[in-house]
Amino acid sequence: MINNRKYTNNEDSDDYIFEDEQELEEQLEEQTEAPDIEEIAVTLDEGEGAGENAEPTPPEQPEQKTQEDYAELYGEGEPPKPGKRKRIIIIAAAVALIAAALLASGIIIHKFTPSKARVDYNEYFGVEGNEAILIFNYGKSDYKVKLSDGGFYVENSFLKENFTDKFYYDERNNEVLYTTATEIYTFPIGEKSYDADGESRQTERPVAIKDNGTLYISVDFVSERCDMVWRGYENPDRLVIVDGGSEYMKTILNDEYVVRESASIKGAVMEDTSDGADTMWMLADGDANAAQGQEWFKVFSEDGRGGYVRSAHTTGAAVRYTYDSGYEKEEYPAQTRNHDILLVWHAVYDINDNGKIEELLADSKGVNTVSPTWYKAVDAEGNISSMADRDYVEYIHGLGMEIWPLISDFTSVDGDGWDEKALLCNTASRRRLIQNIMAEINDYGYDGINIDFEKVSQDAGDGYIQFIRELSISCRKAGVVLSVDNYVPKPYNMQYNRSGQGECVDYVIVMGYDEHYAGGSEAGSVASISFVNEGISETLKEVPREKLINAVPFYTRMWIEGPDEEGNVSLSSRSYGMNGGAEAADELGLTKIWDDEVKQYVAAGASDGKSYSIWLEDERSMGERMELIRSYNLAGVAAWCLGLEADYVWDIITGD
């Protein structure tokens, strides 16, 4: 009977009210057996007599009916006796009460019976057909996954965003290139072989495949070269990737655990102890534990499921779990020097400028590296022009200095120009450019090379960093320095990929000038202190400080605002060396005031109906700049350009 059931608030069971779900079901079966009406009738009849001699209580006198009345009501035969009619009414009432009790007990049982429904994971993950999904750091990703040749393949765009951008797709040759510190791997799309610097190697399955124009890379190959932990799951097919080194709080479940889709015993079952799974369920609230008195804990698993478990189903402990991929980052041996670099660029506009180097260096102090602007990339095929001079090289080496000639890309915007993307994103052209550079290095015996590509477009960015990576291998093998010039980081020049440079080149030079430049729409300093600081601090987010050199200007710019020949007000500028700028300001009678925000003297005034302004480069401004640079403990200083400096600048730079 229902009064004999055991009630409990047993929190160690998912049954909540009844001690045992099996007992509950047995009781339910007993309770729902149909009652015997005859038994009830007899019992009630016997209770009514209470003995042969008992005096019955006189009932109220009903209206008398004739035999014909009964015949009309009940048909032919004897009418029921009054006592029998009473028993029928009582039986009906009893049956109604029992039915109501059964209904009520059924509602209670339903309310407190745990759901045994299981989660449909195809529906849960929104999977259609044979689709495979990617779970990244415990959440479903929008990136696609492919199953091919018994292996998982992930979109290259996912890898580029989260792990590595080293898989470079050569569309013309339909192959993927992967560059290490010493080798270039070439993977033909869909093939089970690849080339490693001329050596053919075999793989169990293709490293790279394409589907509907999307490039996919084998996770087997990737995981050996990236800090990740991965695992495959079925029903539905899912590739799980977790960042190596990431930490989570793992809850320890007991032998009776049930993980449900919602925080209720009515929630569908995601997993329970009968599944025999080895799932690690992590606490969504970090280090929350059972001692905090929560009834339900929100948990999630690495394969993309999120659910709830009752605190009674945990051991009350949470353990910090760290994903260890065993990944060891590849080392890129650097040709860095054991002294601070003081590099000066020598602007060589004509072959005859080479003869001026002795005079230009005569009064210098502390310079240990010279970079003449000798080379230019001249077309999209990888050819270069040169103004190199052997006597110049011999002279620099004779002074105990190093020479890192500069190669630029400025001819791409001269005249009809040439397509920089066609050069950098074509493997054959890119390799020809590298071969030509290395031929010059070997022929002249340079100590390094300085890459000054300032015209790289957004769509040429992937080809540019591939060029730098491939060139770094050649320079590393030759034992020469690879230095690369960069703008102050801005959203519009992220294609230069400073993090990629910082990994494989020897020195990254940030050009801490041209804040306001020729042709610009606003007058101002070429290198305010905040601009210099931004260049250093932002570049250090991607480049190690032992590789970072900050470049300072030996020049300034005079800004002229006034009517042009047609009477329209326009802004123009002229550049001056450090001494020349001060002299021009004096000649115009401009008033000089120290601007503490930019850390420079600003000279301004009017003459001949025009307004003039110049942010001077002098002893004080250079001192402020060098103090900032030293505070960052960088690898050195560079300067543009030799011959524009004032004599006193060397003592300021060297700190003497």
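Helix H15 (residues 578-587) lies across strands E30 (555-563), E31, E33 and E34 (610-615), running at about 130 degrees to E31; axes are lines fitted to C-alpha atoms, for helices over the stretch in contact, with angles from 0 to 180 degrees between N-to-C directions. Helices (H or I, at least four residues) and strands (E, at least two) are DSSP runs numbered from the N terminus. The model is predicted, with local features requiring pLDDT of at least 70 and side-chain atom pairs counting only at pLDDT 80 or more, while totals for chains, interfaces and linings use all residues. Residues are numbered from 1 along each chain as its sequence is written, and side-chain values use heavy atoms, leaving out hydrogens and water.

An open sheet is formed by 5 strands in the order E31-E30-E34-E33-E32, with antiparallel pairing; two strands pair if DSSP finds at least two bridges between them. Strands E31 (569-577) and E32 (591-595) are at the edges, each pairing on one side only. From one strand to the next, the twist averages 20 degrees. E32 pairs with E33 (residues 600-607) over 5 bridges in the antiparallel sense, and Thr-591 has Ala-604 in E33 as its bridge partner.

Elsewhere, Asn-493 sits in the loop between strand E27 (481-486) and helix H13 (498-504). Asn-493 counts as buried because its relative accessibility is 3% (buried, under 20% relative accessible area; 1.4 Å probe, protein chains only; exposed, over 50%; partly exposed, in between). A polar atom of the Asn-493 side chain lies 3.1 Å from the backbone oxygen of Val-488. Beyond neighbours within four places in sequence, Asn-493 is in contact (heavy atoms within 4.5 Å) with Gln-458, Tyr-487, Val-488 and Arg-498.

Definitions and conventions. A polar contact is a pair of N or O atoms within 3.5 Å; within protein, one must be able to donate a hydrogen and the other to accept it, and residues adjacent in sequence count only if both atoms are side-chain atoms.
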